[in-house]
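Here is a short briefing for a first look. Please keep the sequence and the 3D view open while reading.

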Amino acid sequence: MLGAGEVDPNVYSHVATTEANSPGYDPERVQGFAWGMGIERIAMLMHGIPDLRLYYENDLRFLEQF
Amino acid sequence: MRVPETWLREYCDPDLDVAGVEERLTMTGTKVEAIHHHGVPSTENLVVGRVLSAERHPDADRLKVCTVDLGEESPATIVCGAPNVAAGQTVAVARPGARMPDGSKLKQAKLRGVVSEGMILAAAELEIGPGGEGIMVLDDAMLDADRSTDRRSNEISDRPAPGTPLADVLPISTEVIELEVTPNRPDCLGVYGVARELHAATGTPLAPEPWREDQGSSGAVTGAEVTVQCPDLCPRFTARVFENVTIAPSPPWLAARLSAAGQRPINNVVDITNYAMLLTGQPLHAFDLDRVGGARLTVRRAGAGEHVITLDGQTRTLDAEMVVIEDADGPTSIAGLMGGERSEVQPETTRVLLEVANWHGPNIHRTSWALGLRSEASGRFEKGLAPEQCLWAQAIATRLMIECCGASVTPGTIDIGGEGAPPPAIGLRETRVRAILGIEIPRARQAEILNALDFHTAEVDDGLQATPPPVRREDVTREIDLIEEVARIDGLERLPITLPARRGAAGRLTHAQRVRRSAEDALVGRGLHEIVGWSFAEPTLLDRLLLGPDHPLRSVLRIENPLSEDQSIMRPTLLGSLLDTARHNASRGGPDLAIFESGAVYRAAGEDSDGDRPADEHHELGVLLSGELEPPSWRGRRGEADFFAAKALLGSLLDRFHVHWSVREAAHWPFLHPGRSAEIVVHRSSAEPRLAETGMLAEGECLPASVGFLGEVHPRVAESWDLERTATFAIDLGILATVAPEVVSFTAFGPFPALRQDLAVTLPVEVSARELLHLVRRAGAEMLDTAEIFDVYTGAQVGAGRRSLALTMSFRALERTLTDEDVAPVRERIIAALSELGGELRG
């Protein structure tokens, strides 16, 4: 449904900062979270839609219901 | 990975039902995909029986009437059709009332006049073995391996007593836990690895590793020889030799476990390799040693173009980065993927060479991808197993080869490469655990968790030093990885819930996003349906849109590694998905539809008239109207989806954003009807907007920007999508957003009424309405408020090549009411300007 977690410290060393030749953020000082969800799945639960493919068929009989 | 619950509980048996096990595994990071049931739905009325007699049925040649001791006072009479039933056998019996795996209930039956009080079962009837001839005979070797070993060592009765519940001696009913194992955890592709997770997640004791006692030995082996020429791709190769092997069906307990785990039982040797793999995670391969040329195996890189016939009978062509195993007669297997036909175990095999090797994961992945060949083994090797696992699998297989195949193991083990480098110890600072997790986990608890996961720990000043077990050496290399282990086992669900401070964290949509949403809402409000298409498109779309070889829309971004040819370019226009959707619906719901899509379109980097152009992605809004605009009614037709219908819709949309727009003839779009298409232009102006509209600005001050196209779809294009008359427009919402004012400024209007005058003029037909109005507005200057064309006439009275246009104009001044005299000079200027275009005033 929804992946969430703490950002891997390796990511920070790849974050460019404004300073020239910056090695990126220091993971000893910076930490953060990331999460994200597929809106299709939320909508499936909310509207009782049985199949993800319905979203991409663009059948008017489907579209007209929303 | 399918883990039979009964098998799992042999190593870790928490006081939880299967749902509880599922919950703990999922919460600690080993996701349970599904729980299946395997075998009979209920173990009732299934018992062990002993056949006391088996006589020919008086009225049927193929049936036997048996008396079977079921542990009760008098034996039961059972009619049996199996050819192998005989007095003295211990068998599995279903009594009336027993439920079979398909859910059916067994009833007492009369067979050719003899009442049968049950059924003697075959392995397939219990879903614990292949369908074969005859009933399953339960002698001691066929029962649970551990139990039979115990019994033999105690030298007591070798068979279960009649009447014993069958479930006590055979795994005839189990739940199967299907796990989604992430690629970093190949150790969880073995039942024992999962048991260790369950042990850590529940605190329930874990049985010792089942490979701890090894009946094999180390040292040199006589009778077989192995050479590894590419140790970079084969870190470890181990092999053992077994003699006096008898190939036979596997004992029921083994067949039952494999069946429940989703592996088809084949014969004892093959089943043992699969069993050892499912338990340890490590694949094995059995060679018929007498069919290995020269009793010698060489592991080497393949020659480019070399062929191997694999077990599935297919000839595979290899390249120089793939690894083969060959004997004196040539290649026999593709390393890590599939064995060869030539040295496969046969029914008459008596000597087995058991290979357990470790392969370089990325190389196996590459080979598997390149050959389009995936196997259970390659799916494991490609994730990177630990070299240590080789001997685990050898130990399990050796025990079973001795017990189930009557084999003897030749002393010694061929072992090339040996164990991997010991994993280094990693520091785990207490302060860091607290900083990352936000809670205190006592040092002792951290150590307990890591020890349960088979890490070694030692205490140091600022925390712990932890050494991962070999199977985790690729996965756990940093302090943060240790913290993850501690956190997931201690329970992420136990972390407190806090909300971040939200000072200054308010978000809002950008202007461009608001324009986009407003445009979409406007179209929905006009009764259109929004569709969503794929960004990937088919290259033939460009041909079907009749785009010439040099058309700018031909410079598409190509996908480097497309899933298929029909998804190999990034779409340069929304028209493809709009037309596809129109066709899909026309064939299902009828031809009338009004749809739009709002999405990104792409163009490749390249050169154009302005020089280098970077790759471009912008947000486009595309509309498609087809068929009748409204359903037929008694009030008449509203009309078809034509140029004017599309233009009206475009106008209602653009006017909403207060942009100054116009359309002009253009032939840039070959997919549009040549006579019914136009370019949409919006006017950027740094000056007062009304001036731009009146055309008072010089060209440089009023920059027209092309934002898209409008028109009817070319009949040939419409036809190739099986559509009739279809109109469309598309605009670049990015440009629209830059032109649309974020805040509309008020324009003053005076209290004085406008003066309205009409004008009829004949003009050559080449003069467009746009040109005419542009000129009129320019000549009318500030005093002219509006000018519109309200009638068009062509015919004999105006002459060939000309047409008559009727204009209505209103004049207005801020400070006074205008009179005809005030307007007269302006009117003269307009008429003069018209005559420049060849216009003549009509009487």
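How many helices and strands does the secondary structure of chain A come to? The answer is four helices and two strands; helices (H or I, at least four residues) and strands (E, at least two) are DSSP runs, numbered from the N terminus. This is a predicted model, where local features need pLDDT of at least 70, side-chain atom pairs count only at pLDDT 80 or more, and totals for chains, interfaces and linings use all residues. Residues are numbered from 1 along each chain as its sequence is written, while chains are lettered from A and ligands numbered from 1 in the order in which they are written.

**Chain A**
- Along the sequence, the pattern of chain A reads β-α-β-α-α-α.
- Chain A has 66 residues, and 5% of them count as buried (20 or more other C-beta atoms within 10 Å of the residue's own, C-beta atoms being placed from the backbone).

**Where chain B touches chain A**
- Eleven residues of chain B are in contact with 13 residues of chain A (C-beta atoms, placed from the backbone, within 7 Å).
- On the chain B side, strand 25 (529-531) and helix 16 (575-589) each supply at least two residues.
- Helix 16 of chain B gives the most, with five residues.

**A helix pair in chain B**
- Helix 12 (residues 443-452) and helix 13 (residues 479-490) of chain B pack at about 95°, with axes 9 Å apart.
- Helix 12 and helix 13 of chain B are therefore roughly perpendicular (angles of 65 to 115 degrees).
- Among the residues that meet are B:Ile449 in helix 12 and B:Val486 in helix 13.

Key: Axes fitted to C-alpha atoms, helices over the stretch in contact; angles between N-to-C directions. Parallel < 35°, antiparallel > 145°, perpendicular 65-115°, else oblique. Contact = placed C-beta atoms within 7 Å. Buried ≥ 20, exposed ≤ 12 C-beta atoms within 10 Å, placed from the backbone.
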